[in-house]
Amino acid sequence: MTTEANTENSIETVIQDQITNNPIILYMKGNPNAPQCGFSSQTVQILMACGQKFAYVDILSNPDIRANLPKVSDWPTFPQLFVDGELVGGCDIMVDMYQKGELKTLLDASAASRGEVTEDAVEEEGDTQA
């Protein structure tokens, strides 16, 4: 194997590890506090509105990840959201799912599978005890 092939394989391994080790991860341009494109900004706002913690990777600061993630995910554009190891999609898909209530349901189910309590669940528990 050439050095370039080894580097590409190691970057793909890093990406796979990130996706595996972070139940909700967003590959974006910039960071949640300072998105560097409108699509990344919109996806961050949607994720924050859903109320679940998420990891992120700034692809502008990680050019190797930016170059290789589309090969791993088979998705050409950014941002990219992964939940429980599966590609959800980019901005348009996230907006559509959010508007239908599907994204929050997906993220809440992911959190629940890890035993994390959502804000809605806390409110519901409070309501039933009242």
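## Cysteines

The model contains zero disulfides, a disulfide being a pair of cysteine sulfur atoms within 2.5 Å. The sulfur of C91 lies 8.0 Å from the closest cysteine sulfur, that of C37, which is too far for a bond. C91 is buried, with a relative accessible area of 6%, and C50 is buried as well, at 1%. Buried here denotes under 20% relative accessible area, exposed over 50%, and partly exposed the range in between, computed with a 1.4 Å probe on protein chains only.

## Basis of the description

This is a predicted model, in which local features need pLDDT of at least 70 and side-chain atom pairs count only at pLDDT 80 or more, while totals for chains, interfaces and linings use all residues. Residues are numbered from 1 along each chain as its sequence is written, and side-chain values use heavy atoms, with hydrogens and water left out.

## Helix α3

Helix α3 spans residues 63-73, and its buried residues are I65, N68, L69 and S73. Viewed down the axis of α3, these buried residues fall within an arc of 130 degrees, so they line one face of the helix. The arc is taken from the directions from the helix axis to the C-beta atoms. Helices (H or I, at least four residues) and strands (E, at least two) are DSSP runs, numbered from the N terminus. After α3 comes D74, which has a positive phi near 60 degrees.

## Packing of α2 and α4

Helix α2 (residues 38-50) packs with helix α4 (residues 91-100) at an angle of about 30 degrees, and their axes are 10 Å apart. Axes are lines fitted to C-alpha atoms, for helices over the stretch in contact, and angles run from 0 to 180 degrees between N-to-C directions. The two helices are therefore roughly parallel to each other; angles under 35 degrees count as roughly parallel, over 145 as roughly antiparallel, 65 to 115 as roughly perpendicular and the rest as oblique.

On the α2 side, F39, Q42, T43, I46, L47, A49 and C50 meet C91, M94, V95 and Y98 of α4, where contact means heavy atoms within 4.5 Å.

In α4, C91, M94, V95 and M97 are buried. The buried residues of this helix pack against α2, β5 (80-83), β6 (86-89) and α5. Just after α4, G101 adopts a positive phi of about 85 degrees.

Helix α5 (residues 102-113) packs with α4 at an angle of about 90 degrees, their axes being 4 Å apart; α4 and α5 are therefore roughly perpendicular to each other. M94, M97, Y98 and K100 of α4 make this contact with E102, L103 and L106 of α5.
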